Amino acid sequence: MTTDATITIARACYEAYVAKDHAAIEALLAKDFHFTSPLDKRLDRATYFARCWPNSQKTEGFDFIHLVSESDKVFVTYEGQSTGGHRFRNTEIVTVRGDQIVDVEVYFGWSIPHEAQPGSFLEDSGD
């Protein structure tokens, strides 16, 4: 699969969220799909749809910062916008097999604007 093809497939997943297009995302995610984030550990496809897909209702858009393909993986950094006006930045690793996504790993970033002032930091809450 070409670099452009894997990026196109990954991008289509985000576009399905914005469009609230359940049929599109169903077609994009392989039967053996898994999803991992700081809150979720290797969810199967059915659990992903039950737990994560409802977030599409609050998703307004994605501005892609990086879309980098390496073999069967696409490294995606984006700034997302919710319908409530919240902005955030995340990075995800999307693994593509054939014309479907088989795995997504999410790494949470920060809210936009960042809560810390330039050159400063937020104290760790100890959690």
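Visitor: Which helices and strands each supply at least two residues of the lining of the largest pocket?
Guide: Keep in mind that this is a predicted model. The lining draws at least two residues from each of helix 1, strand 1, helix 3 (45-51), strand 3, strand 4, strand 5 and strand 6.

Visitor: And where does the largest share come from?
Guide: From strand 6, with 7 residues of the lining.

Visitor: How much space lies in that pocket?
Guide: About 770 Å³ for the largest pocket. It is lined by 32 residues, and the closest to its centre are Asn55, Tyr78, Phe88, Asn90 and Phe108.

Visitor: OK, new topic. What's the order of the strands in the sheet?
Guide: It goes 2-1-6-5-4-3. That's an open sheet of 6 strands with mixed pairing.

Visitor: Which strands stand at the edges?
Guide: Strand 2 (43-44) and strand 3 (59-70). Each has a single partner strand, so one side of each is left without a neighbour in the sheet.

Visitor: What does helix 1 touch on the sheet?
Guide: Helix 1 covers residues 3-19 and packs on the sheet, touching strand 3, strand 4, strand 5 and strand 6 (100-112). Its direction makes about 165° with that of strand 3.

Visitor: Back to the pairing, then. Do strand 3 and strand 4 run parallel or antiparallel?
Guide: Antiparallel, with 10 bridges joining strand 3 to strand 4. As an example, Phe64 has Tyr78 in strand 4 as its bridge partner.

Visitor: How many bridges do strand 4 and strand 5 have?
Guide: They have 9, again in the antiparallel sense, between residues 73-82 for strand 4 and residues 87-97 for strand 5. Glu79 stands opposite Arg89 in strand 5, and Gln81 stands opposite Arg87. The hairpin here has 4 residues between the strands, and Gly85 takes a positive phi near 95°.

Visitor: How many residues of strand 4 are buried?
Guide: 8 of its 10 residues are buried, so strand 4 is largely enclosed by the rest of the structure. Take Ser82, which is found in strand 4. Ser82 is buried, with a relative accessible area of 16%. Leaving aside neighbours within four places in sequence, Ser82 is in contact with Lys58, Glu60 and Phe88.

Visitor: And strand 5 with strand 6, how many bridges there?
Guide: That pair has 11 bridges, in the antiparallel sense. Arg97 has Gln100 as its bridge partner in strand 6. Their hairpin has 2 residues between the strands, with Gly98 at a positive phi near 65°.

Visitor: Tell me about Gln100. Is Gln100 buried or partly exposed?
Guide: Partly exposed, with a relative accessible area of 26%. The side chain of Gln100 reaches the backbone oxygen of Ala27 at 2.9 Å. Beyond neighbours within four places in sequence, Gln100 is in contact with Ala27, Leu28, Leu29, Ala30 and Thr95.

Visitor: What about strand 1, how many bridges join it to strand 6?
Guide: There are 4, and strand 1 (residues 29-36) runs parallel to strand 6. Thr36, for instance, has Glu105 in strand 6 as its bridge partner.

Visitor: Which polar contacts does the side chain of His34 make?
Guide: His34 is found in strand 1. A polar atom of the His34 side chain lies 2.9 Å from the backbone oxygen of Asp32. The His34 side chain also makes a polar contact with the side chain of Arg42, at 3.5 Å.

Visitor: Is His34 buried or exposed?
Guide: His34 is buried: its relative accessible area is 18%, and the cut-off for buried is under 20%. Apart from neighbours within four places in sequence, its contacts are Arg42, Leu43, Asp44, Val102, Asp103 and Val104.

Visitor: Last one. Where is Pro54?
Guide: Pro54 is in the loop between helix 3 and strand 3. It is partly exposed, with a relative accessible area of 43%. Pro54 and Tyr17 are 37 residues apart in sequence, and 9.4 Å apart in space, C-alpha to C-alpha.

Definitions and conventions
Residues numbered from 1 in each chain as written. Predicted model: local features only at pLDDT ≥ 70, side-chain atom pairs only at ≥ 80, totals over all residues. Heavy atoms only, no water. Pairing = 2+ DSSP bridges. Contact = heavy atoms within 4.5 Å. Axes fitted to C-alpha atoms, helices over the stretch in contact; angles between N-to-C directions. Buried < 20%, exposed > 50% of the residue type's maximum accessible area, 1.4 Å probe, protein only. Polar contact = N/O pair within 3.5 Å; in protein donor to acceptor, adjacent residues only side chain to side chain. 1 Å grid on protein atoms, 1.4 Å probe; cavity = no way out; pocket = protein on both sides within 12 Å on 5 of 7 lines; lining within 4 Å. Points joined across faces, edges and corners; volume = space filled by probe spheres on them.
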